[in-house]
Amino acid sequence: MTGRAVQLRRTARFAADLYGGRARAVIDVHVRHNEFARLSAVGDGDPYPIYDRIRAAGPFVTTPSGHLASADHAICKEVLRGRRFGVEPEGAPRPEPAFDRSFLTRNPPDHTRLRRLVAPALSARRLADFTAMLESTVGRLLDDAAGAGTFDLMPALAEPLPVAVINRLLGIPADEGALLATYGETLGGAASGFRSLRHARDVMVAARALTRLFEDIIERRRAEPGDDLISVLLAAEGDGDAELRAVELVPLCRMLLIAGFETTVNLLGNAVNALLDHPEQWSALVADPALAGAAVKESLRFDPPVQRTGRVSFDDTEIAGQAIRRGQWVNVLIGGANRDPAVFRDPAVFDLARDDGYDHLAFSSGIHRCVGRPIAELEGTVALRMLAERMPELRRAGAARMRAMPMVRGPLSLPVTF
Ligand code: HEM
């Protein structure tokens with residue numbers, strides 16, 4: 001068979017899977033009334049009533065493909081922390097390089113080895129390095145926005161701030177950083193699956209372009225090391241038993257970009273969205289901007305950017321009376337766990353003063369818990385504090401437009417005035 005024929009056959013199979021999957025999803029929602037399928041089809045709608053129904057149905061519900069899902073906080077935590085659950089089946093073949101998300105999708109020992117290389121650069125101890133940069137970036141972005149009077153918070157603040165942080169972390173100049181952000185957005189947007197053949201093609205093109213861009217930056221940094229994370233990683237690079245294999249470097253950079261960008265954009269968007277929906281909470285923040293940290297924490301609980309993750313069982317086991325087979329996946333519904341009334345009093349109430357919010361799962365738990373948490377929380381805290389100080393009269397200038405779920409939740413557009 002010629003290369004062209006192979007390509008055509010692959011495209012046809014991919015299209016059949018994509019559109020056949022959609023038809024099956026319609027049946028699962030409307031004929032089988034499967035709550036998990038309903039959640040997956042929620043699009044830009046409100047997922048929280050569905051999580052409540054899933055939790056009310058018992059510790060687990062079954063997905064249309066025979067896997068499991070839970071919105072119960074204790075169960076989600078047990079699965080995330082379970083030593084006999086992982087992010088890939090034991091002995092699984094490696095994913096295609098374009099979608100290799102480095103140690104986020106690796107079990108130990110690879111996970112441990114790679115995470116150890118990155119963690120020090122993102123630790124709470126390094127935050128002082130970022131604070132001044134964050135304050136000056138937020139100040140500049142708010143000055144620009146103030147000139148416009150009415151503006152969209154997403155492109156004005158929520159998107160450029162995490163880009164500036166990732167650029168600083170990886171030591172990337174602003175012009176290339178803007179390109180990285182565009183590719184990162186395209187790839188991050190694919191976390192919830194492909195919308196169409198055209199979307200799949202755009203994602204592949206972005207993945208290849210991003211790889212080339214990182215390869216180029218890495219080559220330059222190899223010749224001229226700096227004090228950035230790529231230079232630190234290059235120092236650990238080698239063949240064979242070295243800490244970092246050469247082929248692992250680009251996927252690692254790509255994962256950092258995707259994991260740190262889209263998530264933080266949506267933290268900022270969801271936090272401001274919730275504050276504008278609850279004017280008394282916004283007023284409390286304006287009266288005391290030191291509440292910005294509490295606002296970040298409550299927003300992460302109330303409306304987390306990453307709504308779900310998954311773990312696969314290495315053994316036949318049982319949790320809360322539910323048999324779980326070796327190789328069966330459990331969908332951990334973070335957005336649902338964060339509204340579990342067994343842990344959070346009046347979970348649907350957005351309240352900066354709550355004292356039971358610390359156990360939210362927005363950053364996951366266990367060995368894959370978010371390594372960027374300190375920097376993400378700092379970004380959110382600086383942004384909300386300065387927004388409350390500089391624009392105390394902030395209010396909506398139109399309806400927010402939300403991105404389609406199921407993986408990542410947040411506004412695409414958030415028009416405001418002040
Ligand atoms: C509000 C912003 C953020 C949220 C909500 C978030 C959320 C998460 C979640 C839920 C996971 C774990 C996924 C799982 O258990 O399967 C994770 C992992 C990770 N995050 Fe974040 N993240 C945020 C910001 C960041 C930032 C700023 C960075 C880096 C600059 C980052 C880097 C990572 C990395 C490297 C992992 C993989 C950890 C591992 O597998 O050991 N994240 N994040």
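Colleague: R354, buried or exposed?

Modeller: Buried, at 9% relative accessibility in this predicted model, because the cut-off for buried is under 20%.

Colleague: Which residue does R354 form a salt bridge with?

Modeller: D356, with the closest N and O atoms 2.8 Å apart. D356 is buried too, with a relative accessible area of 12%.

Colleague: What lines the largest cavity?

Modeller: R354 and E298 are part of the lining, together with A294, K297, D351, L352 and G357. By class, that is four charged, two nonpolar and one polar. The space inside is about 40 Å³.

Colleague: How many cavities of 30 Å³ or more are there in the whole structure?

Modeller: One.

Colleague: Back to salt bridges. How many by this rule?

Modeller: The count is 28.

Colleague: Which salt bridges does E90 form?

Modeller: One is with R84, at 3.6 Å between the closest N and O atoms. Another is with R326, at 3.7 Å, N to O. E90 sits in the loop between strand 3 and helix 5, and R326 in the loop between strand 9 and strand 10, so this pair links parts 236 residues apart in sequence.

Colleague: And R326, buried or exposed?

Modeller: Exposed, at 52%. E90 is partly exposed at 39%, and R84 is partly exposed, also with 39%.

Colleague: Different topic. What is the protein donor for the iron atom of the ligand?

Modeller: C370, through SG at 2.3 Å, and it is the only protein donor. C370 lies in the loop between helix 15 (334–337) and helix 16 (373–390).

Conventions: Residues numbered from 1 in each chain as written. Predicted model: local features only at pLDDT ≥ 70, side-chain atom pairs only at ≥ 80, totals over all residues. Heavy atoms only, no water. 1 Å grid on protein atoms, 1.4 Å probe; cavity = no way out; pocket = protein on both sides within 12 Å on 5 of 7 lines; lining within 4 Å. Points joined across faces, edges and corners; volume = space filled by probe spheres on them. Nonpolar A, V, L, I, M, F, W, Y, C, P; charged D, E, K, R; others polar. Donors = N, O, S within 2.8 Å, 3.2 Å for Na, K, Ca; no water. Helix = DSSP H or I, 4+ residues; strand = E, 2+ residues; numbered from the N terminus. Salt bridge = Lys/Arg side-chain N within 4 Å of Asp/Glu carboxyl O. Buried < 20%, exposed > 50% of the residue type's maximum accessible area, 1.4 Å probe, protein only.
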